[in-house]
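Here is a short tour of helix packing and charged pairs. Have a look at the model first, and then let's walk through it together.

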Amino acid sequence: MKIAMIGHKRIPSREGGVEIVVEELSTRLVKDGNEVVAFNRKGKNVQNKKEKSKNVKSYKGVKIITIPTIDKRGIAAALYSFNASIMSLFGHYDILHFHAEGPCAFLWIPHLFHKKIIVTIHGLDWQRAKWGGFASKFIKHGEKEAVKYADEIIVLSQNVEKYFKDTYNRDTNFIPNGVNKPTVRKANIIKKQWNLEKDSYILFLARLVPEKGLDYLIDAYNNIKTDKKLVIAGGGSDTSDYVMTIKNKVKNNSNIIMTGFVQGNTLEELFSNCFLYCLPSDVEGMPLSLLEAMSYGNKCLVSDIEENTSVVENYGYTFKKSDVRDLTEKLDSLLNDKEENKNETSEKLKRKSNTELNIELDTKLNKEMNKELKRENIQKFILDKYNWDEITRETEELYKKIK
């Protein structure tokens with residue numbers, strides 16, 4: 001089959017989850033004997049403006065076509081989507097695979113020419129706080145176009161699957177993201193650059209956008225006494241004002257370190273050596289950074305939105321979404337290894353359902369619970385359940401279904 005990937009910024013790149021998904025799928029599809037063309041967007045790395053995008057022609061067997069656009073917030077994505085939709089008409093593709101809701105605004109163009117279209121909804125993007133009125137409406141329009149014209153829709157969480165059924169009476173295909181077995185590294189680069197050692201810090205690693213809940217984490221961290229640092233890793237994504245707000249918020253606390261956008265060995269070292277990974281999101285699609293953190297066997301503390309709890313199951317800790325007080329209590333318990341409330345034993349916890357465990361983990365985070373979450377158990381669970389090869393196979397089956 002000949003497949004076109006549309007809607008990502010560019011590959012190879014770690015600018016966001018969409019880019020990682022497109023890269024992982026595309027390279028595996030090529031290995032399976034398919035021809036894959038990725039329509040990259042021309043422009044700078046949105047998380048790291050110093051890094052210029054390379055005008056590559058191919059990547060690991062994937063042909064790259066770079067789509068021109070105007071490097072201006074709001075306009076860049078829309079113009080790219082329009083141009084890519086037009087160019088997709090001329091490549092004799094068996095499948096057009098659109099990623100994310102915004103690029104689907106022009107889905108009617110390839111549909112008009114009877115192209116076979118798959119859409120992956122990476123999250124309900126119109127809910128994200130960074131978008132204003134017009135942008136949010138444009139993205140919501142893309143969602144409706146996907147419902148109208150896509151031959152099949154892939155969703156990454158059961159929560160979004162339910163949303164499409166309840167809102168549009170549209171059936172979708174639940175195919176989650178995957179994760180690779182990581183390379184565990186000692187703290188070398190991060191020791192030299194930020195004086196970080198094994199188990200000496202809490203890690204927040206994500207795009208610096210309001211819906212990731214970073215404000216809650218900073219407030220909760222400032223409420224507790226700990227010798228562990230808070231490391232904030234990531235760059236903005238059309239959110240320069242928000243990034244500046246965060247920088248001003250943490251500038252007087254020397255124990256809060258902002259690394260900026262990270263990748264490669266530095267990224268691997270940060271995941272390999274953190275004491276705790278925290279993702280306090282209000283909105284998610286399916287958080288790849290959480291999958292990655294768990295693939296290293298890290299303990300994870302996440303907000304109790306379904307997109308997070310469905311990933312961690314019994315292998316992580318949750319707090320009430322947007323609740324700084326609850327987040328403070330959970331952080332305090334995990335960081336200081338508190339021993340109160342030992343009347344609730346591990347056996348009693350085991351008798352509870354998965355849902356109850358996810359919702360009811362409050363100040364009862366004690367030593368016995370921490371012992372249950374062994375690094376090797378967390379790692380095995382996540383790598384077995386979220387396997388990129390299996391996810392590629394399921395996606396390919398969907399292609400064959402509509403071809």
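Which helices do the buried residues of α16 pack against? They pack against α10 (288–295) and α11 (306–312), where packing contact means heavy atoms within 4.5 Å.

## About the model

This is a predicted model, so local features need pLDDT of at least 70 and side-chain atom pairs count only at pLDDT 80 or more, while totals for chains, interfaces and linings use all residues. Residues are numbered from 1 along each chain as its sequence is written, and side-chain values use heavy atoms, with hydrogens and water left out.

## The buried face of α16

Helix α16 spans residues 375–385, and Ile 378, Phe 381, Ile 382 and Leu 383 in this helix are buried. Buried means under 20% relative accessible area, exposed over 50%, and partly exposed in between (1.4 Å probe, protein chains only). Helices (H or I, at least four residues) and strands (E, at least two) are DSSP runs, numbered from the N terminus.

## Where α1 crosses α17

The axes of helix α1 (residues 17–31) and helix α17 (residues 388–402) come within 10 Å and cross at roughly 75°. That makes α1 roughly perpendicular to α17, a label for angles of 65 to 115 degrees. The axes are lines fitted to C-alpha atoms, for helices over the stretch in contact, with angles from 0 to 180 degrees between N-to-C directions.

On the α1 side, Val 21, Glu 24, Leu 25, Arg 28 and Leu 29 take part; they meet Trp 388, Asp 389, Thr 392, Thr 395, Glu 396 and Tyr 399 of α17. Glu 24, Arg 28 and Asp 389 are also linked in a network of salt bridges. A salt bridge is a side-chain nitrogen of Lys or Arg within 4 Å of a carboxyl oxygen of Asp or Glu.

## Other salt bridges

The whole structure holds 19 salt bridges. One of them joins Lys 401 and Glu 152, at 3.2 Å from N to O. Lys 401 lies in helix α17 and Glu 152 in strand β7 (residues 152–155), so this pair ties together parts that are 249 residues apart in sequence. Lys 401 is exposed, at 57% relative accessible area, whereas Glu 152 is buried at 13%.

Within α17, Glu 390 and Arg 393 lie 3 residues apart, about one turn of the helix, and their side chains meet in a salt bridge (2.6 Å, N to O). Glu 390 is partly exposed at 33% relative accessibility, as is Arg 393 at 41%.

Technical notes. Angles under 35 degrees count as roughly parallel, over 145 as roughly antiparallel, 65 to 115 as roughly perpendicular and the rest as oblique.
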